[in-house]
Amino acid sequence: MGRGDIELETNKVYDQDVVADVEFPTTAHQISSDSWFQVGFILTTGINSAYVLGYPGTVMVPLGWTGGVVGLLLATIVSLYANGLIAHLHEYGGQRHIRYRDLAGYIYGKKTYSLTWALQYINLFMINTGYIILAGSALKATYVLFRDDGLLKLPYCIVIAGLVCAMFAICIPHLSALGIWLGLSTIFSLVYIIISFLLSLKDGLHSPPRDYNLPGDGLSKVFTIIGASANLVFAFNTGMLPEIQATIRQPVVKNMMKALYFQFTVGVLPLYLVAFTGYWAYGSSTSVYLLNSVNGPVWVKALANITAFLQSVIALHIFASPMYEFLDTKYGITGSALNAKNMSFRILVRGGYLAFNTFVSAFLPFLGDFMSLTGAISTFPLTFILANHMYLKAKKDKLTSSQKLWHWFNIGFFSIMSFVATIAAIRLIAVDSKTYHVFADL
């Protein structure tokens, strides 16, 4: 088994590229069943989820034109590079590492296995918290369009969103089972992206000159800018890349790189479109949820909000799937998804997990702050620090001195960024908690 003494029951598959038996751990979910194109859509669904409606306000407003545009472009390039490193380690050592923690454990040992496990699930839990906040915000925005009487508050909408997410999680057993839902997710994304772009463009063309000055002053502005840097990497958060790569057909590395190139070329264009147009149209007054800033026919805005809600439900399932896979494998939940035991398990366990997620979402519904904290404490370490160090350790005998220096530079730089961004994000949450109180109706 692996050098890190992580003992796992394994199966074997024949890798046509390497001409060798490649082991992979036992899992209750499907392996090697999806095309690179389907995996590319899963990745693209993640970056073009309803979170894109927050980037004009959470990235562009704190950073301005220069910082926002340059930052997003650099984040795209650096994220593609870091994810490519992880993708190339998928079959490292003649073993297929279908979970991020398995790869870290194989390279470093049990302690890093546990640390990576903790970081990853903190990361995914917080992403899912954000999705429930987004879905609840979309529901409230829809309600306000028709009845602005203050009766349906954001915490109530978040509870409804959490219930719908739980029902979806119970019905879809694993990541590969999304199937047609990925197509629907793409349609939903196109609807709210096109609507938000067109309405922002219309408003921008007919609005007086906007204020693009960075908000705040002194120390407050500095902390806001640092927090926004974490939002930059959050946009391309793929701290579950090995889990997604596990579903792809052979040859897994070649096909995963195709999916990543698709994600970081065609896939990022809608994100750029919404982020830049939204900020151009409303300047520093852009809302953290863009559809609250746009003006247009009620039915059009309602359609955009409803599709944002539905897409958030699907996207949450993608980022919750590693937790589901862990629990299903641990407790032997295999066979038909409609089996009474399996259905009962999903209702109890997935429902309980999302109930806690929903409580946290309603308790602290500060979307931008959660994006900053998630990027700081988990995205930086998982996607950048750990990726570079694992590749450095795995390939050290094949790297030149300049290549080793490059990886050490990345490790040092992103370690510093993670530390300062965490402080900034915690400060932002503390300030907002005093300003709005818990269970706030934002």
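## Salt bridges

In this predicted model, D203 pairs with K202 in a salt bridge whose closest N and O atoms are 3.2 Å apart. D203 is buried, because its relative accessible area is 7% and the limit for buried is under 20%. K202 has a relative accessible area of 36%, so K202 is partly exposed.

The structure holds 5 salt bridges. Another one joins the side chains of D149 and R147, at 2.8 Å from N to O. D149 counts as partly exposed because its relative accessibility is 33%. R147, at 47% relative accessibility, also counts as partly exposed.

## The R99, D102 and E325 network

Salt bridges link R99, D102 and E325 in a network. D102 and R99 are both buried.

## A buried lysine without a partner

K301 is part of helix α11, which covers residues 298-330. K301 is buried but forms no salt bridge. Which side chain of opposite charge is nearest to K301? That side chain belongs to D203, and the distance is 7.6 Å. D203 does form a salt bridge, with K202.

Apart from neighbours within four places in sequence, K301 is in contact with L145, L199, L291, V294 and G296.

## Cysteines

How many disulfides does the model contain? The count is 0. In general, a disulfide is a covalent bond between the sulfur atoms of two cysteines.

C157 has a relative accessibility of 0% and therefore counts as buried. C165, at 1% relative accessibility, counts as buried too.

## The second largest pocket

The second largest pocket has a volume of about 390 Å³. Its lining consists of 20 residues. L74, A75, V78, F413 and F414 are the lining residues that lie nearest the centre of this pocket.

Several helices contribute to the lining. At least two lining residues come from each of α2 (55-88), α7 (218-234), α13 (367-394) and α14 (401-436). Which helix supplies the largest share of the lining? Helix α2 does, with 8 residues.

Conventions:
Residues are numbered from 1 along each chain as its sequence is written. This is a predicted model: local features need pLDDT of at least 70, side-chain atom pairs count only at pLDDT 80 or more; totals for chains, interfaces and linings use all residues. Side-chain values use heavy atoms; hydrogens and water are left out. Helices (H or I, at least four residues) and strands (E, at least two) are DSSP runs, numbered from the N terminus. Buried means under 20% relative accessible area, exposed over 50%, partly exposed in between (1.4 Å probe, protein chains only). Lys and Arg count as positive and Asp and Glu as negative; His and the chain ends are not counted. A salt bridge is a side-chain nitrogen of Lys or Arg within 4 Å of a carboxyl oxygen of Asp or Glu. Contact means heavy atoms within 4.5 Å. A disulfide is a pair of cysteine sulfur atoms within 2.5 Å. On a 1 Å grid over the protein atoms alone, a cavity is a set of points where a 1.4 Å probe fits but cannot get out, and a pocket is an open set with protein on both sides within 12 Å along at least five of seven lines; lining residues have an atom within 4 Å of a point. Grid points are joined across faces, edges and corners, and a volume is the space filled by probe spheres set on the points.
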